[in-house]
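Please look through the structure below, with the sequence at hand.

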Amino acid sequence: MKIGMLTSGGDCPGLNAVMRAFAKYAFSHIADVKIFGFLNGYTGLIENEYEELEEKDFENLLLAGGTMLGSKRQPFKLMTETDGNNRSKLDKMKETYKNLGLDCLITLGGAGTHKTAALLSAEGCNVIGLPKTIDNDIWGTDVTFGFETAMETATLCIDKMHSTASSHGRIMLVEVMGNKVGWLTLYAGLAGGADMILIPEIPYDEDAVVEFLEKRRKAGARYSIVAIAEGAMSKEEAALRKKERLALRAARGETTVTQRLARNIEARTGVETRTQVIGYLQRGGSPNPYDRALCTLMGSYAGELAEKGKFGVTVAYSGGRVTYNSLSDIAGKAKSVPPTHPMVRAAKSIGISFGVF
Ligand code: F6P
């Protein structure tokens with residue numbers, strides 16, 4: 001069996017661990033297996049850049065951060081655009097798949113990767129997806145690999161904010177990754193003891209933010225910690241169309257609202273307010289023990305699916321068991337935080353604010 005493999009989109013801890021588990025399963029259960037690793041995500045498949053990987057190439061990968069294959073973003077909307085020779089990236093990928101005589105392609109990636117995987121599958125390639133992302137926003141799976149480790153990193157960062165915020169009696173806004181969804185901010189905010197959690201799914205009201213922080217101050221709190229998602233937005237911004245919102249932010253020279261909100265809070269409360277962007281630290285390093293176990297489960301299961309010839313699917317972990325969903329069912333959907341999610345309700349029940357009245 002000839003198997004292609006690639007890692008696409010933003011990296012996360014656990015990519016190597018999943019590939020290791022898949023390969024260990026494949027080399028021991030599937031006859032005459034050959035694995036070809038495409039370099040830098042779909043780019044390798046488009047440009048016909050790959051390496052044949054042997055069993056030994058998958059050794060010592062369980063703890064290794066990043067991806068040994070390299071990763072790159074290849075926007076889905078450009079996949080069918082044709083070049084001067086009237087060929088699209090999709091055409092080129094199908095050509096590589098066919099010329100190499102692949103029996104299947106394993107794609108490790110997030111929402112965008114899954115859209116392209118579904119397209120390749122609809123075009124006749126045998127694809128098995130694996131749900132990677134620190135954002136935890138893949139439809140149909142309770143958890144994605146990389147999320148837990150990123151949560152741990154973000155939590156450690158929020159933990160460390162408490163002492164310095166307390167020393168100076170400041171308000172600290174800690175920006176957590178998650179442009180479209182707030183899972184990481186919600187969980188790390190809860191785990192790190194944030195006083196306020198601002199996520200894209202619950203647009204904040206600046207008056208409510210200020211009132212809450214002032215109330216805490218008056219009640220004797222020396223400092224406050226706000227966990228704010230990259231994609232957090234005010235209720236005014238939420239009323240705009242996405243295009244208008246992005247244009248407004250571009251005109252203001254900002255990609256996230258964090259700095260502006262901090263300035264406004266300081267101006268309105270008179271309390272020194274600082275920001276901390278955690279950024280790519282959340283995507284770096286070794287997967288934590290939970291992710292290592294999850295990666296082993298998901299990677300070996302993808303091997304089992306390949307062995308059985310079950311294609312056009314992506315691996316999921318749902319209701320305590322490993323399973324799969326059809327790529328066509330999940331592509332283009334995002335799993336966002338329901339404002340009535342039990343974690344949101346629990347947070348509210350102990351006095352954590354979401355920046356709304
Ligand atoms: O999808 C993962 C993620 O880390 C998001 O949380 C973040 O908004 C985005 O990737 C950053 O992407 P890039 O690597 O292109 O800067």
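How many cavities of 30 Å³ or more does a search of the whole structure find? The model is a predicted one, and the search finds 1 such cavity. The largest cavity has a volume of about 30 Å³. Its lining is made up of Ala111, His114, Ile138, Trp139, Ile330, Ala331, Gly332 and Lys333. Sorted by class, the residues lining the largest cavity are 5 nonpolar, 2 polar and 1 charged.

The largest pocket has a volume of about 1,500 Å³. It is lined by 43 residues, and the closest of these to its centre are Arg73, Asp135, Asn179, Lys180 and Lys242. Two of the helices that each supply at least two lining residues are α4, which covers 111-122, and α9, which covers 242-252. With 5 residues, α4 gives the most to the lining of the largest pocket. Divided by class, the lining of this pocket contains 14 nonpolar, 14 polar and 15 charged residues.

The helices can be followed in pairs. Helix α1 spans residues 15-29 and helix α11 spans residues 289-308; the two pack at an angle of about 40 degrees, and their axes are 7 Å apart. Because of that angle, α1 counts as oblique to α11. The crossing in which α1 passes α11 is right-handed. On the α1 side, the residues that meet α11 are Ala17, Val18, Arg20, Ala21, Phe22, Tyr25 and His29. On the α11 side they are Cys295, Thr296, Gly299, Ser300, Ala302, Gly303, Glu304, Ala306 and Glu307. This contact of α1 with α11 has 8 nonpolar, 5 polar and 3 charged residues.

A second pair is formed by helix α6, residues 183-191, and helix α13, residues 342-349. Here the packing angle is about 35 degrees, with the axes 11 Å apart. The crossing in which α6 passes α13 is left-handed. Which residues make the contact between α6 and α13? From α6 they are Leu186, Tyr187 and Leu190, and from α13 they are Met343, Val344 and Ala347. By class, the contact of α6 with α13 consists of 6 nonpolar residues, with no polar and no charged ones.

Note on methods
Residues are numbered from 1 along each chain as its sequence is written. This is a predicted model: local features need pLDDT of at least 70, side-chain atom pairs count only at pLDDT 80 or more; totals for chains, interfaces and linings use all residues. Side-chain values use heavy atoms; hydrogens and water are left out. Axes are lines fitted to C-alpha atoms, for helices over the stretch in contact, and angles run from 0 to 180 degrees between N-to-C directions. Helices (H or I, at least four residues) and strands (E, at least two) are DSSP runs, numbered from the N terminus. A crossing is left-handed if the near helix is turned anticlockwise from the far one by less than a right angle, and right-handed if clockwise. Contact means heavy atoms within 4.5 Å. Ala, Val, Leu, Ile, Met, Phe, Trp, Tyr, Cys and Pro count as nonpolar, Asp, Glu, Lys and Arg as charged, and the others, Gly among them, as polar. On a 1 Å grid over the protein atoms alone, a cavity is a set of points where a 1.4 Å probe fits but cannot get out, and a pocket is an open set with protein on both sides within 12 Å along at least five of seven lines; lining residues have an atom within 4 Å of a point. Grid points are joined across faces, edges and corners, and a volume is the space filled by probe spheres set on the points. Angles under 35 degrees count as roughly parallel, over 145 as roughly antiparallel, 65 to 115 as roughly perpendicular and the rest as oblique.
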